[in-house]
Protein chains: 2
Amino acid sequence: MSVRDVIAELSTVLGQRLSLSKSDLEHHGTSETHFAVMPPDAVAYPENTEEVAQIVKICARHRCPVMGWGTGTSLEGQAQALRGGVSVDFSRMNNILDTRPSDMDVRVQPGVTREDLNQELRASGLFFPVDPGANASLGGMASTRASGTTAVRYGTMRDNVLGLEVVTAAGEIMRTGTRARKSSSGYDLTALFVGSEGTLGLITELTLRLHGQPEAVSAAACAFDNVAGAVDCVIDTIQMGLPVARIELVDSDTVRAVNSYSATSLPECPHLLLEFHGSETGVAEQAETFGLIAAEHGGSGFEWATRTEDRNALWAMRHSAFHAVLASRPGSTSLVTDICVPISRLSEAIEACRADLAEAQIDGPILGHVGDGNFHAVLLFDDTDPDEKSRVLAASNRLVDLSLSLGGTATGEHGIGLGKLSYMEREHGQAWAMMGAIKQTLDPHNIMNPGKLVPPKN
Amino acid sequence: MSVRDVIAELSTVLGQRLSLSKSDLEHHGTSETHFAVMPPDAVAYPENTEEVAQIVKICARHRCPVMGWGTGTSLEGQAQALRGGVSVDFSRMNNILDTRPSDMDVRVQPGVTREDLNQELRASGLFFPVDPGANASLGGMASTRASGTTAVRYGTMRDNVLGLEVVTAAGEIMRTGTRARKSSSGYDLTALFVGSEGTLGLITELTLRLHGQPEAVSAAACAFDNVAGAVDCVIDTIQMGLPVARIELVDSDTVRAVNSYSATSLPECPHLLLEFHGSETGVAEQAETFGLIAAEHGGSGFEWATRTEDRNALWAMRHSAFHAVLASRPGSTSLVTDICVPISRLSEAIEACRADLAEAQIDGPILGHVGDGNFHAVLLFDDTDPDEKSRVLAASNRLVDLSLSLGGTATGEHGIGLGKLSYMEREHGQAWAMMGAIKQTLDPHNIMNPGKLVPPKN
């Protein structure tokens with residue numbers, strides 16, 4: 001490919017909305033975690049689907065890589081330009097196109113963030129539940145099959161995307177799905193694109209499922225003597241079918257970091273943070289049942305907060321946990337693990353994880369969406385210390401092995417990107433080759449986010 | 001291909017478990033609805049995955065068509081042998097392999113039926129919710145992305161299959177998914193195979209999500225003066241977020257047929273049949289709320305039945321409705337429509353459907369899973385009367401047009417098979433070509449259920 005030709009052609013389409021500024025290139029080559037900066041050759045700011053199609057057509061003709069960019073909050077380097085090319089930044093495609101309260105769905109452009117959407121929906125009585133913490137773009141969340149704190153009740157992006165408009169690797173505009181709630185008509189291409197991390201095409205529009213704002217919400221923090229008690233409490237809660245809306249674990253290291261960062265004063269022991277959604281009586285009933293389960297596992301200090309400001313404070317604290325942990329060791333870089341195991345193996349997985357990190361003398365506070373069997377260790381290291389970095393990478397590797405050996409997955413919600421590519425064959429075996437065959441068919445010139453997700457081409 | 005060679009090779013693998021009996025071939029070429037008999041050349045009865053792989057390898061070598069067969073209850077001719085070949089009957093692969101109550105999942109062979117599974121689960125406190133009416137095999141239900149009466153609460157097969165083992169078109173054994181509740185690892189091949197109707201490979205094992213048996217269940221029938229009142233009641237119920245477990249419409253013609261078939265005595269007017277799942281107080285609260293909504297729309301005679309035998313009688317009646325309608329005109333054949341529209345368009349769709357059928361003088365009682373926007377008209381005709389048959393086919397065609405024009409789908413739950421192939425391009429446009437490209441890659445010799453679902457090969 002000749003990058004100069006690509007840039008010249010794109011400029012005629014986009015004018016000033018094609019950026020070559022050094023800071024812009026660097027920003028679009030940077031991830032939130034430990035990956036080296038990998039800048040694209042240009043950043044495009046399209047304003048509509050037709051422009052995206054033109055961009056991809058030009059890139060396809062020149063065999064130039066194309067990466068999608070939402071808000072840059074992915075954690076495995078999904079959006080970084082491994083082989084240069086054009087980063088397509090969707091920040092100008094951020095319109096909510098059509099809110100349909102009577103069908104409980106909404107059509108949005110990919111650059112709309114989840115907080116913007118929920119702000120807009122506030123008066124409608126509806127909300128979009130998927131909440132990965134970061135104020136990510138909805139296109140990015142679909143691309144990485146994001147989930148987060150509420151997946152235990154409302155599902156992940158897999159469950160909440162009804163249909164898509166995509167620009168294929170050939171620059172064609174295509175729609176998947178309909179507005180019907182369900183369909184048995186043909187291959188589920190919506191599901192194929194959700195989680196494909198921009199390797200099959202670019203998402204230019206999403207139809208999302210909305211949910212009714214619950215009549216009543218209560219939230220609670222509950223302290224435990226040890227992680228095992230908290231985890232056993234989660235397992236019993238899930239197995240009992242209690243429809244908790246959130247059930248999050250933070251270990252004592254995380255609590256310590258959060259207290260220091262957010263000036264809170266939680267007891268420095270493991271906690272479960274919970275939220276219940278339902279009718280007034282339903283929420284009271286759920287909280288009461290949970291209280292009984294927690295007490296059996298040594299839970300204490302369980303109190304509900306029904307006031308909006310108290311609940312917001314609790315979840316603001318939870319959402320700040322990643323940054324709080326980072327701040328606990330100034331100047332450090334992080335590698336965030338993301339394993340997800342069957343719930344019956346959760347205790348075992350967390351215990352083994354803690355023992356491994358202690359043995360390897362790695363700082364790795366644990367927190368996560370334990371109701372799904374999904375948790376993170378935020379492994380801190382000094383990026384200028386090659387020994388420490390290699391110990392952290394080795395530990396991360398062992399944790400993925402642990403997850404796979406327990407019937408789990410290498411990534412519950414962060415996706416593959418650059419960080420998890422080496423586990424794909426181990427997790428999927430023959431199915432990884434099938435993913436490669438599908439990629440080869442839908443993107444024969446390997447221009448869509450090349451080097452990610454599928455087996456490398458020879 | 002030489003069928004004789006295929007049969008000779010398969011016989012060495014399967015012995016007596018390869019059937020060439022005329023009645024067996026005819027049975028495996030017959031659907032429950034209006035399609036002509038299309039028998040395969042042989043029926044294979046494998047007992048394990050390795051045998052399935054051997055069967056497919058032999059067929060692949062000879063370019064011989066392979067169709068999967070569960071219980072033969074699909075409604076669009078999915079399992080019929082359009083081009084001859086080998087029907088793989090999974091009735092001997094009917095073991096429940098591993099029930100894991102603590103993870104609320106189960107691993108089953110494809111020949112297990114949903115009723116057998118729930119019978120086995122009875123003592124575990126768990127159940128598998130997807131209920132299409134027929135006692136279908138779980139492999140077949142996954143292949144057609146089945147749903148039914150409980151999808152409004154528990155989702156369809158799309159939502160309840162966690163992972164699969166499949167035999168690919170090359171005869172390779174492959175696994176998709178893990179035992180973790182969620183994953184962001186790679187393309188969602190599980191979702192790709194669910195609903196692919198045997199065109200990409202054969203499902204040889206399923207990992208299914210289970211749900212806790214509700215603490216309390218109540219069911220109810222509620223009579224309405226007219227269909228519009230019933231449908232508006234459904235729309236309000238769904239939009240209010242009431243978590244009904246079932247909400248089914250039967251129109252007055254259906255009630256009349258059911259009364260006559262099942263010796264029941266419901267008032268011969270449109271009814272909603274409901275079920276509520278939850279805690280004792282939750283169920284009472286739901287039923288009360290529904291009662292208020294129903295009253296606003298002219299609903300009457302709303303009473304709950306909490307006794308198991310009363311509930312069973314209600315749902316036995318609902319499940320017999322298809323056969324009751326068939327029996328209402330002895331000797332007739334049926335074409336069952338299956339449109340699914342956004343819930344906001346449901347009234348309009350049902351009214352237009354009724355008006356169209358009345359105008360065309362076609363008997364077509366309406367019933368369906370209205371909580372999803374999905375309903376059926378059972379169009380009755382005399383298969384020896386070409387004029388009536390062509391009027392019925394034309395009406396079915398108009399109803400699909402109606403659904404697509406309202407933002408819906410040609411099939412909510414019955415799938416494509418032979419009956420809906422002609423609507424694929426209209427519904428999916430460019431996406432149908434992409435389905436064809438995926439099929440071409442994964443089944444290059446077009447041996448897996450050829451002639452179904454994807455664009456015909458030249």
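1. Start with Ile247(A): this residue counts as buried because 25 C-beta neighbours sit inside 10 Å. (Buried here is 20 or more other C-beta atoms within 10 Å of a residue's own, exposed is 12 or fewer, and partly exposed is in between, with C-beta atoms placed from the backbone.) Ile247(A) belongs to strand β13, residues 246-250 of chain A. Helices (H or I, at least four residues) and strands (E, at least two) are DSSP runs, numbered from the N terminus.

2. Before going on, some housekeeping. The model is predicted, so keep in mind that local features need pLDDT of at least 70 and side-chain atom pairs count only at pLDDT 80 or more, while totals for chains, interfaces and linings use all residues. Residues are numbered from 1 along each chain as its sequence is written, and chains are lettered from A and ligands numbered from 1 in the order in which they are written.

3. What does Ile247(A) touch? Leaving out residues up to four places away in sequence, its partners are Val152(A), Val234(A), Thr237(A), Leu272(A), Leu274(A), Val370(A) and Gly371(A). (Contact is when two C-beta atoms, placed from the backbone, lie within 7 Å.) Glu51(A) is another story: 196 residues from Ile247(A) along the chain, with 42 Å between the two C-alpha atoms.

4. Most residues other than glycine have a negative phi. Ala263(A) is not a glycine, yet its phi is positive, about 55°. Ala263(A) sits in the loop between α10 (252-262) and β14 (271-278) of chain A, and counts as exposed because it has 7 C-beta neighbours inside 10 Å. Asn449(A) also has a positive phi without being a glycine, about 45°. Find Asn449(A) in the segment after α17 (430-442) of chain A; with 29 other C-beta atoms within 10 Å, Asn449(A) is buried.

5. Zooming out, chain A is split into domain 1 (3-91), domain 2 (94-212), domain 3 (216-323), domain 4 (324-405) and domain 5 (421-458). Those bounds come from an automatic or database domain assignment. Taken over C-alpha atoms, the centres of domain 1 and domain 4 of chain A are 32 Å apart.

6. Over in chain B, have a look at helix α15 (residues 386-405). Its 20 residues reach 28 Å from first C-alpha to last, close to the 28 Å expected at 1.5 Å a residue (the expected span is 1.5 Å times one less than the number of residues). Which residues of α15(B) are buried? They are Val392(B), Ala395(B), Ser396(B), Leu399(B), Val400(B) and Ser403(B). Seen down the helix axis, these fall within an arc of 140°, so they line one face of α15(B); the arc is that of the directions from the axis to the C-beta atoms. The face turned away from that buried side carries exposed Pro386(B), Asp387(B), Ser390(B) and Ser405(B). Among the cover over the buried residues are β16 (333-336) and α14 (346-359) of chain B.

7. Finally, the pair. A rotation of 180° with 0.0 Å of shift along its axis puts chain B on chain A, RMSD 0.0 Å, which is the relation of a two-fold axis. (The superposition is by least squares on C-alpha atoms of residues with pLDDT of at least 70 in both copies.) In all, 71 residues of chain B are in contact with 71 residues of chain A. On the chain B side, α17(B) gives the largest share, nine residues.
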